Amino acid sequence: MNFRAAGPFVLFRKEDGVTHWWQDATIYQIYPRSYQDTDEDGVGDLAGIRQRLPYLRDLGVDAVWLSPIFQSPMADFGYDVADYRAIDPLFGTMADFDALLADTHAAGLKLLLDFVPNHTSDQHAWFQESRSSRDNPKRDWYIWCDPAPDGGPPNNWMSNFGGSGWTFDDATGQYYYHAFLKEQPDLNWRNPQVRKAMADVLRFWLDKGVDGFRVDVIWHLAKDPQFRDNPPNPAWKPGQRDLDRYLQRYSADQPHIHDIIAELRDVIDSYPERLLIGEIYLPVDRLMAYYGEDGEGVHLPFNFQLINAPWRTEVIGPLIDEYEAALPEGGWPNWVLSNHDQPRIADRVSEEQARIAAMLLLTLRGTPTLYYGDEIGIAKAHIPADRIQDPWAKNEPEASFNRDRARTPMQWSAGPHGGFSTVEPWLPLTNDLATCNVDTEQDDPCSMLALHRELLGLRKREEELRQGAYTRMDSAAPVLAYRRGENLAVLLNLSAESAPLDLPDRFARGEVLLRASTGANGGPVPDQLPGNEGLVVRAADG
Ligand code: NOJ
């Protein structure tokens, strides 16, 4: 079915007062290699995701974001795209994709794809042409520069995955730039043909009916046209990652990024109710610029503040307040706890605190993104040296986080290979498979899975949890307390020690809607909040 609309739709500009589906939604990220294998190769596929749609519907999420599924040599596991309009055979066929999209919609869920516009694979036909000669018409589609006078790289821009960001091409005697692997050459977004080609890619998928995109490293699309050296980072010490030797002043986040994004947004807005999310690792003040001056930026600049913050009330509380205060008028908040590039939440905090973190993620104001496997509490994965897959971990073993640890297969049962596959999976499962799996947790009302279902159900039922204002309440650390709307309060103990609760009378006399420790509801509000406990409370008169 073609969802293409006749005229332009202007969505969520500043003056726009309506609620869009994605403001009420919880997004669930799937790393397709690791969700469900159906063709017995140890790697997940689209048919597997399709098979698991009933699970996702019952869990209570609203939208599924798939990390890249496009044709790729997999140097960076799909973030190196060789054809933006083809499904990689590892994941299935276009028919599998169409069936997945149709079934996702039939299940009442939305489907978001991962758009990787900053770079292609070096195997992409565009790059093959570009590197073939200096006067090839696609030469300028990528970033080529002459060597420095000493023959070295044109400037000091580093690769995010270690070493220089420039690779010398013998055939044509110039360097090309790659912010990631040398197999991921950066496109030149100043070239109007590139922008047009990529807009066409978006339209291809939008015409199929996908509901939006998460845009990979969107802040990287605009680089300094003069290719000035980045300034040294005074805080860098030997042994730390190469990228951090320099402050990324010129290699990304240049002012014309906002024009590029506005163009992408125009494409998105020419279809009804589609969503544009930007992956952006920047400090809050710079992040906010990505909403656009008049709301013509991305709908959701991913908010990763919780990922790197020390898990302490004194840090988390102000961080939420500052983010809320910094939002531009009309800017809709969002929260992320984990993703495929970062240690999982249950790996960063204790098992008990991972439950508090789930309650935080799913009761804050704004669209939450839940990472697959976090809902069953997948925590510490051990990746033996001979099974490391992550190209970054291979390049910079000392300085980087091994991202494989966040990408291990979904654990569906305690059976062989966790029900993920009938053969040895591409990455190992965790050692606690016997208890940490969907089948086992399904029947346990106290499990992490049950807690997620309760939280997602509560969020669906309680409009104030989705739409109500966020107001911080007085509380002494380690208790983090906030109100949602007028009538709901969230009380989280971010420590293992019990702490006094000193609540306004209407909440002290209120009713517990959900307990993080057990997933149960009911009962009066205590005057001491036990360690590792979190409560959602409805006011007595609410
Ligand atoms: C960010 C993605 O999340 C990460 O997995 C990837 O390696 C880089 N971008 C490069 O595309």
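View 1. In the side chain of Arg-403, an N or O atom is 3.0 Å from an oxygen atom of the ligand. The model shown here, as in every view below, is predicted. The side chain of Arg-214 likewise has an N or O atom 3.0 Å from a ligand oxygen. For Glu-279, the corresponding distance between an N or O atom of the side chain and an oxygen atom of the ligand is 3.5 Å.

**View 2. Domain 1 and domain 3.** The domain assignment divides the protein chain into domain 1 (21–120 + 191–452), domain 2 (125–177) and domain 3 (470–538). The centres of domain 1 and domain 3, taken over C-alpha atoms, lie 30 Å apart. Contact between the two involves 22 residues of domain 1 and 24 residues of domain 3. Together they bury about 1800 Å², with carbon and sulfur atoms contributing 63% of this area. On the domain 1 side, Thr-313, Ile-356 and Met-359 account for 33% of the area buried against domain 3, more than any other three residues.

**View 3. Polar and charged pairs between domain 1 and domain 3.** One salt bridge is found across this interface. Asp-321 and Arg-472 form a salt bridge in which the closest N and O atoms are 2.6 Å apart. Between domain 1 and domain 3, twelve residue pairs are in polar contact, both residues having pLDDT 80 or more. On the side of domain 1 that touches domain 3, the elements giving two or more residues are α10 (313–326) and α12 (351–361). Helix α10 provides the largest share of that side, eight residues. Sorted by class, the side of domain 1 that touches domain 3 consists of eleven nonpolar, four polar and seven charged residues.

View 4. Most residues other than glycine have a negative phi, and most peptide bonds are trans. The peptide bond from Ala-477 to Pro-478, however, is cis, with omega near 10 degrees. Pro-478 belongs to the loop between β14 (470–472) and β15 (479–484). Met-74, a residue other than glycine, has a positive phi near 65 degrees. Met-74 is placed in the loop between β3 (70–71) and β4 (83–87).

Conventions: Residues are numbered from 1 along each chain as its sequence is written. This is a predicted model: local features need pLDDT of at least 70, side-chain atom pairs count only at pLDDT 80 or more; totals for chains, interfaces and linings use all residues. Side-chain values use heavy atoms; hydrogens and water are left out. Domain bounds come from an automatic or database domain assignment. Contact means heavy atoms within 4.5 Å. Buried area is the accessible area (1.4 Å probe) that two parts lose on being put together, summed over both. A salt bridge is a side-chain nitrogen of Lys or Arg within 4 Å of a carboxyl oxygen of Asp or Glu. A polar contact is a pair of N or O atoms within 3.5 Å; within protein, one must be able to donate a hydrogen and the other to accept it, and residues adjacent in sequence count only if both atoms are side-chain atoms. Helices (H or I, at least four residues) and strands (E, at least two) are DSSP runs, numbered from the N terminus. Ala, Val, Leu, Ile, Met, Phe, Trp, Tyr, Cys and Pro count as nonpolar, Asp, Glu, Lys and Arg as charged, and the others, Gly among them, as polar.
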